[in-house]
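Dear colleague,

I am passing on to you the structure that is shown just below, and after it you will find my notes on what turned up. Please read them with the structure open beside you.

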Amino acid sequence: MFTLPRSVRAAVVTVAALSAVALAGPAQAVSTAPYVAYGDTGTAVKCVQIAVNVADEVHVGITVDGIWGARTEERVRAFQRDNSQDIPLDVDGVVGPNTGDVMLDYIAAYALNWLNTCYYALPTS
């Protein structure tokens, strides 16, 4: 599995923070994104759906519609089962910081145009 170094992820945040300071004044502290789970909708769910699609080598991808339903739940659990080598992931169907870190690595490797959006939408450590 491809792992994006934390220093590269930090560079993305640094560039975004510098841009925000230049445009909006002093930066405010940003807390981590909330967990993402069944029944959620929106950008964070789209990021989850993109991550499971790019990581999935066996199944046909799921629709990236921003609605977490049964198929998204099934693919998240499979993602957690299949990607627990480097970071132990709970196979619980909930995207918390550990699962979010691994998903962000996949997005950085295979869906780079979503990296900045998903960095702020997914929970990470």
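**Overall make-up**

Of the 125 residues in the protein chain, 38% are buried, where buried means under 20% relative accessible area, exposed over 50% and partly exposed in between, with a 1.4 Å probe and protein chains only. This is a predicted model, in which local features need pLDDT of at least 70 and side-chain atom pairs count only at pLDDT 80 or more, while totals for chains, interfaces and linings use all residues. Residues are numbered from 1 along each chain as its sequence is written, and side-chain values use heavy atoms, with hydrogens and water left out.

The protein chain has five helices and zero strands, helices being DSSP runs of H or I with at least four residues and strands runs of E with at least two, numbered from the N terminus. Read from the N terminus on, the elements follow the order α-α-α-α-α. If one takes the contacts (heavy atoms within 4.5 Å) between residues at least 6 apart in sequence, 56% of them join residues at least 24 apart.

**The disulfide**

A search of the whole structure finds one disulfide, a term used here for a pair of cysteine sulfur atoms within 2.5 Å. The two partners are C47 and C118, whose sulfur atoms are 2.1 Å apart. The pair links distant parts of the chain, since C47 sits in helix α2 and C118 in helix α5 (residues 115-121), 71 residues apart. The torsion about the S-S bond of C47 and C118 is about -90 degrees, and the disulfide is therefore left-handed. C47 counts as buried because its relative accessibility is 0%, and C118 counts as buried because its relative accessibility is 0%.

A121 is also found in helix α5, and with 14% relative accessibility A121 counts as buried. A121 and K46 are 75 residues apart in sequence, yet their C-alpha atoms are 9.4 Å apart in space.

**Aromatic pairs**

The structure holds three aromatic pairs, counted when rings of Phe, Tyr and Trp (its six-membered ring) have centres within 6.5 Å, with planes under 30 degrees apart taken as stacked, over 60 as edge-to-face and the rest as tilted. F79 and Y106 form an edge-to-face pair, at 5.7 Å centre to centre and with 65 degrees between the planes. This pair, too, links distant parts of the chain, with F79 in helix α3 and Y106 in helix α4 (residues 97-110), 27 residues apart. Both F79 and Y106 are buried, and ring pairs link F79, Y106 and Y110 into a cluster.

T99 lies in helix α4 and, at 4% relative accessibility, counts as buried. Not counting residues up to four places away in sequence, T99 touches F79, Q80, L89 and V94. Between T99 and Q80 the separation is 19 residues in sequence and 6.9 Å in space, C-alpha to C-alpha.

V91 is found in the loop between α3 and α4, and at 38% relative accessibility V91 counts as partly exposed. With residues up to four places away in sequence again set aside, V91 touches R77, Q80 and R81. V91 and Q80 are eleven residues apart in sequence and 5.3 Å apart in space, C-alpha to C-alpha.

**The second largest pocket**

About 200 Å³ of space lies in the second largest pocket. On a 1 Å grid over the protein atoms alone, a pocket is an open set of points where a 1.4 Å probe fits, with protein on both sides within 12 Å along at least five of seven lines, and lining residues have an atom within 4 Å of a point; the volume is the space filled by probe spheres set on the points, which are joined across faces, edges and corners. Thirteen residues line this pocket, and the closest to its centre are A55, D56, E57, D82 and N83. The elements that give two or more residues to the lining are α2 (43-55) and α3 (70-82), and α3 gives the most, with four residues.

With kind regards
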